[in-house]
Amino acid sequence: MTTKQLVAIPDLDEHCSAHLKYRDLVECGETQKRTKFANLPVELETFAALQGLATHILDPVISKYGPIELTYGFGSAELVRRMLPPKRVAPKLDQHAAYERNAAGQFICDRLGAACDFLVKGQDMRDVAQWVFNNTPIDRLYFYGNDKPIHVSFSQKGKHQFVELLTRDNGRRVPRVVRIP
């Protein structure tokens with residue numbers, strides 16, 4: 001499937017890919033569900049990035065494994081402020097804000113692109129992560145554990161990195177880029 005050129009902000013109920021609607025990527029995650037905050041993107045480029053993420057990364061996963069559970073998708077600055085605990089995300093690095101801008105007009109995340117976290121129920125997430133890495137044009141994939149959601153991002157300047165978060169004895173999680181065969 002190819003991505004279509006967006007000329008106007010789409011309706012959230014419009015399909016952004018074969019399997020997903022924009023609403024799926026905007027209204028997911030525990031904070032959005034808890035607060036019922038609208039969490040709406042305002043930049044046309046954000047919608048285009050979400051479409052790219054859904055088309056090039058998530059649709060192939062759904063075609064291979066079946067339904068996925070999106071645990072965190074688009075994250076506006078306001079949504080991030082409402083998160084508990086607040087240190088679980090890194091808006092300047094994680095690409096959940098896509099092409100959104102801060103009050104000073106600067107991109108929230110200079111990496112651009114778009115990101116989401118998801119699970120495939122009943123699957124070992126390491127196997128899913130390796131398949132995603134080997135079969136889709138991801139920018140970065142963060143692996144947190146066999147039974148935890150994986151974080152994937154898609155960007156036109158993709159680095160194609162697999163990052164594993166290792167837990168140290170003191171409980172601190174440290175990222176490490178790893179090679180995947």
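Strands β5 and β6 make a hairpin with 5 residues between them, and G171 in the turn has a positive phi of about 90°. The two strands pair in the antiparallel sense over 6 bridges; pairing here takes at least two DSSP bridges between two strands. This is a predicted model, where local features need pLDDT of at least 70 and side-chain atom pairs count only at pLDDT 80 or more, while totals for chains, interfaces and linings use all residues. Residues are numbered from 1 along each chain as its sequence is written, and side-chain values use heavy atoms, with hydrogens and water left out.

**Around the hairpin**

- A salt bridge is a side-chain nitrogen of Lys or Arg within 4 Å of a carboxyl oxygen of Asp or Glu.
- E164 is buried at a relative accessible area of 13%, while R176 is partly exposed at 42%. The cut-offs are under 20% relative accessible area for buried, over 50% for exposed and in between for partly exposed, with a 1.4 Å probe and protein chains only.
- β5 has another partner: strand β3 (residues 140-143) pairs with β5 in the parallel sense over 4 bridges. In that pairing, Y142 stands opposite V163 in β5.

**The chain as a whole**

- You'll find 5 helices and 6 strands in the chain. Helices (H or I, at least four residues) and strands (E, at least two) are DSSP runs, numbered from the N terminus.
- Reading from the N terminus, the order is α-α-α-β-α-β-α-β-β-β-β.
- The radius of gyration is 15 Å, close to the 16 Å that the globule rule gives for 181 residues, so the chain is as compact as a globular protein of that length. The radius is taken over C-alpha atoms, and the globule rule is 2.2 Å times the number of residues to the power 0.38.
- The C-alpha trace spans about 45 × 35 × 30 Å along its principal axes.
- Of the 181 residues, 48% are buried.

**Salt bridges**

- The count of salt bridges comes to 7.
- R23 and D13 form one of them, at 2.7 Å from N to O. R23 lies in helix α1 (residues 22-26) and D13 in the segment before α1, 10 residues apart.
- E27 bridges to R23 as well, its closest N and O atoms with R23 being 2.7 Å apart.
- Put together, D13, R23 and E27 are linked in a network of salt bridges.
- As for accessibility, R23 is partly exposed at 28%, D13 is partly exposed at 40%, and E27 is partly exposed at 32%.

**The second largest pocket**

- This pocket has a volume of about 260 Å³.
- It has 16 lining residues, and the closest to its centre are E45, A48, A49, G52 and Q156.
- On a 1 Å grid over the protein atoms alone, a pocket is an open set of points with protein on both sides within 12 Å along at least five of seven lines, in contrast to a cavity, where a 1.4 Å probe fits but cannot get out; lining residues have an atom within 4 Å of a point. Points are joined across faces, edges and corners, and the volume is the space filled by probe spheres set on them.
- Helix α3 (residues 44-65) gives the most to the lining, with 7 residues.
- By class, the lining has 6 nonpolar, 8 polar and 2 charged residues. Nonpolar covers Ala, Val, Leu, Ile, Met, Phe, Trp, Tyr, Cys and Pro, charged covers Asp, Glu, Lys and Arg, and polar covers the others, Gly among them.

**Loop residues worth a look**

- Most residues other than glycine have a negative phi, and most peptide bonds are trans.
- A98, which is not a glycine, has a positive phi near 55°. A98 is in the loop between α4 (77-82) and β2 (114-119) and is buried at 1% relative accessibility.
- H160 also has a positive phi, about 50°, without being a glycine. H160 is in the loop between β4 (150-154) and β5 and is partly exposed at 33%.
- G66 is in the loop between α3 and β1 (69-72) and is buried at 18% relative accessibility.
- G66 and K121 are 55 residues apart in sequence, with their C-alpha atoms 9.3 Å apart in space.
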